[in-house]
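Please look at the structure before reading on.

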Amino acid sequence: MNLSVEALLRRVTNGGRETSLRKVVPFIRSKSLSTSDGRKEEEETPYWVWGERTKIMAVINTTPDSFSDGGDHAALNDAMRFVDSFIISTTSASTASSASTPTTAQRSMVDVIDIGGHSTRPGSKEISPEEEMDRVIPVIQAVRSSSNAITSRTLISVDTYRGSVAKAALEAGADLVNDVYALTREGNDDLLNVIKDAGCPVVMMHSRGDAGEDKEYDELGGVIEGIRVELGKKVQRALDAGVRRWNVMVDPGIGFSKTVEGNLTIVRRLGDITSPSLSSSTKPTPTRSL
């Protein structure tokens, strides 16, 4: 077959017409699952198909001072009780026989559990990496070793801006990293290398430092364009460093350096943040093609 690369790509993409190809993000686990009898069990790589449906993330803050659930899940038993509450039983009629027999199955109400051990609310106290690990690692291990098969296979996100914490979390069974500083927190460049070496997905959130400060975006054309430009530069930095494009997810950072009206604008125009067709006088940013 003597075809150019361009011709081959046209065949794969159906010439620009509707195609069955879909964008996916794979979650390559660095830790195999443990069964209830202690055996190691390998499983197929879980993945998400973009555009299939909205994914639901549950948040567990193992902190005493987070703005939402601070102190509620600081103890391991409390955190796991919250995790177990995501599992529900559903009953459906079976058609296997003429006599309809109801069958009961379990499923999770969430797609991923986000576990954080360091509060990012305004005025929160800085803690050491060791203390942060002491808060999150036991919860990750408990989820992965749960006797409930659905719980043990639930995707886990670790909310951290520190490379050492992310590395330990991934080794303990986490699947992705969620960073409110989008891999640019000063003095924490090692996180970028951890993400690159692990080949794991990363959520890069838009922020400007203190969540309660610096809320004006007029010079950038408004909050949406501001997020596109500022977060786009951080995404490009990660890509240039070797982070895989398909592993990058962007978070507009609602509540972080945004006014109330700015937050509402984000909700109304969420799709514009990654829209390749949004007109702009600024240079195209990486967020447009994610």
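## Aromatic pairs

W50 is partly exposed, with a relative accessible area of 34% (buried is under 20%, exposed over 50%, partly exposed in between, with a 1.4 Å probe and protein chains only). W48, at 10%, is buried. The model is predicted: local features need pLDDT of at least 70, side-chain atom pairs count only at pLDDT 80 or more, and totals for chains, interfaces and linings use all residues. Residues are numbered from 1 along each chain as its sequence is written, and side-chain values use heavy atoms, leaving out hydrogens and water.

The whole structure holds four aromatic pairs (rings of Phe, Tyr and Trp, the last by its six-membered ring, with centres within 6.5 Å; planes under 30 degrees apart are stacked, over 60 edge-to-face, the rest tilted). One of them joins W48 and W50 edge-to-face, at 6.2 Å centre to centre and 70° between the planes. Together with F27, these two residues form one aromatic cluster.

The ring centres of Y161 and Y181 are 5.3 Å apart and their planes stand at 90°, so this pair is edge-to-face. The pair links distant parts of the chain, 20 residues apart: Y161 is in the loop between β9 (155-159) and α5 (163-172), and Y181 in the loop between β10 (176-179) and α6 (190-198). Both Y161 and Y181 are buried.

## Charges over rings

The charged end of R185 sits over the ring of Y181, 4.9 Å from its centre (CZ of Arg or NZ of Lys within 6 Å of the ring centre and within 35 degrees of the ring normal). R208 lies over the face of Y217, at 3.8 Å from the ring centre.

## Salt bridges

A search of the whole structure finds 14 salt bridges (a side-chain nitrogen of Lys or Arg within 4 Å of a carboxyl oxygen of Asp or Glu). R208 takes part in one with D214, at 3.3 Å from N to O, and D214 is partly exposed at 46%. R185 belongs to a salt-bridge network with E126, E132 and R162.

R135 and E131 also meet in a salt bridge, at 3.0 Å from N to O. They are four residues apart in helix α3 (residues 129-144), so about one helical turn separates them. R135 counts as buried at 18% relative accessibility, whereas E131 is partly exposed at 36%.

Key
Helices (H or I, at least four residues) and strands (E, at least two) are DSSP runs, numbered from the N terminus.
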